[in-house]
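Welcome! Take a look at it below, then read on.

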Amino acid sequence: MILDIADILFFFTVFSILGWVIEVVYRSIRDQRFVNPGLLKGPYLILYGTAALVLMACVSLIHEYNIFVKILCYFLITTGLELISGFNAQHFFNVRLWDYSDERFQFKGHICLKFSIYWTVLAFAFEYLLLPAYHSLINCMPLSVRGAIGATGVLIMFIDFVLVIRKKTVYRRKGNNLT
């Protein structure tokens, strides 16, 4: 399937927001208080938008493969993205977005077997439940509307990201001047 840039931006925006909802519900129930997860301030998690784009490409490439190939691919993709994101957040922003240090079979607290299995199951839900629903949604919406929503969403996320980088840079400079 070939997508227009408007569709890619819309897809990224929708799944970044949906990922934020999933994380807020999970973490808020777990912690018994409202938790706004992530590095950015708005109601979106770019990791989920990125993962959705990568998984959509994967689904289109392996849709006819057997279940074992899909399990392996989904496991590697989701775990790899989580590992890269965790390391990047810690290295570049000195922020620990999640910590699996208390889990069995974990690596540096960034990934663990239990959540890798959860992400693999969610990847199948993505393929068989979310993608078909998403395709039904976009069939009812003109490309110009998808493009406007997607471009606006990505622009807002980009501005949010720049502000976070700027804040971290100012904080580091002030910290360095004090020593």
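**A buried arginine and its partner**

The side chains of Arg-146 and Asp-7 are joined by a polar contact of 2.5 Å. Keep in mind as you explore that this is a predicted model.

**Around Arg-146**

- Arg-146 sits in helix H5, which covers residues 143-178.
- Is Arg-146 buried or exposed? Its relative accessibility is 9%, so Arg-146 counts as buried, the cut-off being under 20%.
- Setting aside residues up to four places away in sequence, Arg-146 touches Asp-7 along with Ala-6, Phe-10, Ile-138 and Met-141.

**The chain as a whole**

- The chain holds 5 helices and 2 strands.
- Read from the N terminus, these elements follow the order α-α-α-β-β-α-α.
- Along the principal axes, the C-alpha atoms fill a box of roughly 60 × 45 × 30 Å.
- The chain has 179 residues, and 37% of them count as buried.
- Taking contacts between residues at least 6 apart in sequence, 65% join residues at least 24 apart.

- The largest nonpolar core is made of 20 residues. Those with the most contacts inside it are Phe-11, Phe-15, Leu-55, Tyr-74, Phe-126, Leu-131 and Tyr-134.
- Four helices each supply at least two residues of this core: H1 (5-31), H2 (46-62), H3 (67-93) and H4 (113-139).
- Which helix gives the most to this core? That is H2, with 7 residues.

**Where H3 meets H4**

- Two packed helices are described by the angle between their axes and the distance between the axes.
- For H3 and H4, the angle is about 115 degrees and the axes are 8 Å apart.
- The crossing of H3 past H4 is right-handed.
- On the H3 side, the contact is made by Ile-67, Lys-70, Ile-71, Tyr-74, Phe-75, Thr-78, Thr-79 and Glu-82. On the H4 side, the residues involved include Leu-113, Trp-119, Ala-123, Phe-124 and Tyr-128.
- Sorted by class, this contact of H3 with H4 has 10 nonpolar, 4 polar and 3 charged residues.

**Trp-119, a residue of H4**

- Trp-119 belongs to helix H4.
- With a relative accessible area of 15%, Trp-119 is buried.
- How far is the C-alpha atom of Trp-119 from that of Thr-78? They are separated by 6.1 Å, while the two residues are 41 residues apart along the chain.
- Not counting residues up to four places away in sequence, Trp-119 touches Glu-23, Tyr-48, Thr-78, Glu-82 and Tyr-100.

**Thr-13, a buried residue of H1**

- Thr-13 has its place in helix H1.
- Its relative accessible area is 4%, so Thr-13 is buried.
- A polar atom of the Thr-13 side chain lies 3.3 Å from the backbone oxygen of Gly-150.
- Beyond its neighbours within four places in sequence, Thr-13 is in contact with Ile-149, Gly-150, Gly-153, Val-154 and Met-157.

**Two loop residues with a positive phi**

- As background, most residues other than glycine have a negative phi.
- Asn-94 is not a glycine, yet its phi is positive, at about 55 degrees. You will find Asn-94 in the loop between H3 and strand E1 (106-107).
- Asn-94 counts as exposed, with 65% relative accessibility.
- Lys-108, also not a glycine, has a positive phi of about 50 degrees. The loop holding Lys-108 runs between E1 and strand E2 (111-112).
- At a relative accessibility of 53%, Lys-108 counts as exposed.

Terms used:
Residues are numbered from 1 along each chain as its sequence is written. This is a predicted model: local features need pLDDT of at least 70, side-chain atom pairs count only at pLDDT 80 or more; totals for chains, interfaces and linings use all residues. Side-chain values use heavy atoms; hydrogens and water are left out. A nonpolar core is a set of buried Ala, Val, Leu, Ile, Met, Phe, Trp, Tyr and Cys residues joined through side-chain atoms within 4.5 Å. Buried means under 20% relative accessible area, exposed over 50%, partly exposed in between (1.4 Å probe, protein chains only). A polar contact is a pair of N or O atoms within 3.5 Å; within protein, one must be able to donate a hydrogen and the other to accept it, and residues adjacent in sequence count only if both atoms are side-chain atoms. Contact means heavy atoms within 4.5 Å. Axes are lines fitted to C-alpha atoms, for helices over the stretch in contact, and angles run from 0 to 180 degrees between N-to-C directions. A crossing is left-handed if the near helix is turned anticlockwise from the far one by less than a right angle, and right-handed if clockwise. Ala, Val, Leu, Ile, Met, Phe, Trp, Tyr, Cys and Pro count as nonpolar, Asp, Glu, Lys and Arg as charged, and the others, Gly among them, as polar.
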